[in-house]
Amino acid sequence: ADICKDTGENYKENLMSRIKHYETMFILKPTLTEEETAAQIDAVKATIEKNGGEIVACDDIGSKQLAYEIEKQKRGYYFVIYFKGQTDSILEIERNYRINENIIRFIFIKYESKKEVVAWTKMSDEAAKKANQQKEQGQLMYNKVVMVGNLTRDIELRYMPNGSALAKSAIATSHRYKSNTGEQKEE
């Protein structure tokens, strides 16, 4: 008759003990456009929330050189999410990562001990502070491009319907190569 006796505070304590602190980092293909990258990030966030996760902070690291080539890619777009969630939801989130062909690598880190949770809290607070600073400064950027060469015409600047700017130009560079005889040539 006392089967359902564990309610109230005991139930809440039991539920809270199953909620863990997580950090997930994933790397997106660098070939995605800014809009596609934002859509992929939003989809991952939605998956975490749909599976009972509470997103605390995000760290948009951006495009970086990979340590080694993955799926013929030398660069990747790094993104970190700090969240709280139940252990059994991680399997579903991981399954979604695996079937997403735009995610080339991912990792989950679980923080359990009090010392680890303190470190997680510090990292998530720093990530939240960094995101707020970027929003205030209007520096939310997804792609950074450095071009080296000689401009061959004026830069044409247009604005998309969503307000983002699009620049079009042409650049001339030298092409260096080794000839069949082994000597260095430049065109």
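Let's start with helix H3: Ser89, Ile90, Ile93, Asn96 and Tyr97 are buried in it, where buried means under 20% relative accessible area, exposed means over 50%, and partly exposed is in between (1.4 Å probe, protein chains only). Looking down the axis of H3, you'd find these buried residues within an arc of 125°, so they line one face of the helix; the arc is taken from the directions that run from the helix axis to the C-beta atoms. On the other side of H3, Leu91, Arg98 and Ile99 are exposed. The elements covering the buried residues of H3 include E1, H2, E3 and E4. Those labels stand for DSSP runs numbered from the N terminus: helices are H or I runs of at least four residues, and strands are E runs of at least two.

Before going on, a word about what you're looking at. This is a predicted model, in which local features need pLDDT of at least 70 and side-chain atom pairs count only at pLDDT 80 or more, while totals for chains, interfaces and linings use all residues. Residues are numbered from 1 along each chain as its sequence is written, and side-chain values use heavy atoms, with hydrogens and water left out.

Now for the sheet. It's an open one made of 4 strands, in the order E2-E3-E1-E4, with antiparallel pairing. Strand E2 (54-70) and strand E4 (103-111) are the edge strands, each pairing on one side only. Neighbouring strands are turned by 20° against each other on average, direction ignored. (Two strands pair if DSSP finds at least two bridges between them.) Take E2 and strand E3 (residues 73-86): they run antiparallel and are joined by 11 bridges. Along this pair, Gly62 stands opposite Tyr78 in E3, and Ser63 stands opposite Tyr77 in E3. The hairpin of E2 and E3 has 2 residues between the strands, and Glu71 takes a positive phi near 50° there.

How do the helices sit on this sheet? Helix H2 (residues 34-50) lies across strand E1 (19-28), E2, E3 and E4, and it runs at about 25° to E3. Helix H3 (residues 89-99) lies across E1, E3 and E4, running at about 165° to E4. These angles run from 0 to 180 degrees between N-to-C directions, using axes fitted to C-alpha atoms, for helices over the stretch in contact. Contact itself means heavy atoms within 4.5 Å.

What's packed inside? In soluble globular proteins, nonpolar side chains tend to be buried together. Here the largest nonpolar core has 17 residues, and those with the most contacts inside it are Phe26, Leu28, Val44, Ile81, Phe83, Ile93 and Tyr97. A nonpolar core is a set of buried Ala, Val, Leu, Ile, Met, Phe, Trp, Tyr and Cys residues joined through side-chain atoms within 4.5 Å. E1, H2, E3, H3 and E4 each give two or more residues to this core, and the largest share, 4 residues, comes from E3. A second, separate core of 6 residues includes Tyr82, Tyr111, Trp120 and Ala127.

Next come the charged residues. Side chains of opposite charge can pair when their charged atoms come close. A search of the whole structure finds 6 salt bridges, each one a side-chain nitrogen of Lys or Arg within 4 Å of a carboxyl oxygen of Asp or Glu. One of them joins Glu112 and Lys20 (4.0 Å, N to O). Glu112 lies in the loop between E4 and helix H4 (114-137) and Lys20 in strand E1, so the pair ties together parts that are 92 residues apart in sequence. Lys20, Lys110 and Glu112 are linked in a network of salt bridges.

Glu92 pairs with Arg95, their closest N and O atoms being 2.8 Å apart. These two are 3 residues apart in H3, so about one helical turn separates them. Arg98 and Glu94 also meet in a salt bridge (2.6 Å, N to O), and they lie 4 residues apart in H3, about one turn of the helix.

Finally, look at Gly52, in the loop between H2 and E2. Gly52 is exposed, with a relative accessible area of 56%. Leaving aside neighbours within four places in sequence, Gly52 is in contact with Lys84 and Gly85. The C-alpha atoms of Gly52 and Gly85 are separated by 6.1 Å, with the two glycines 33 residues apart along the chain.
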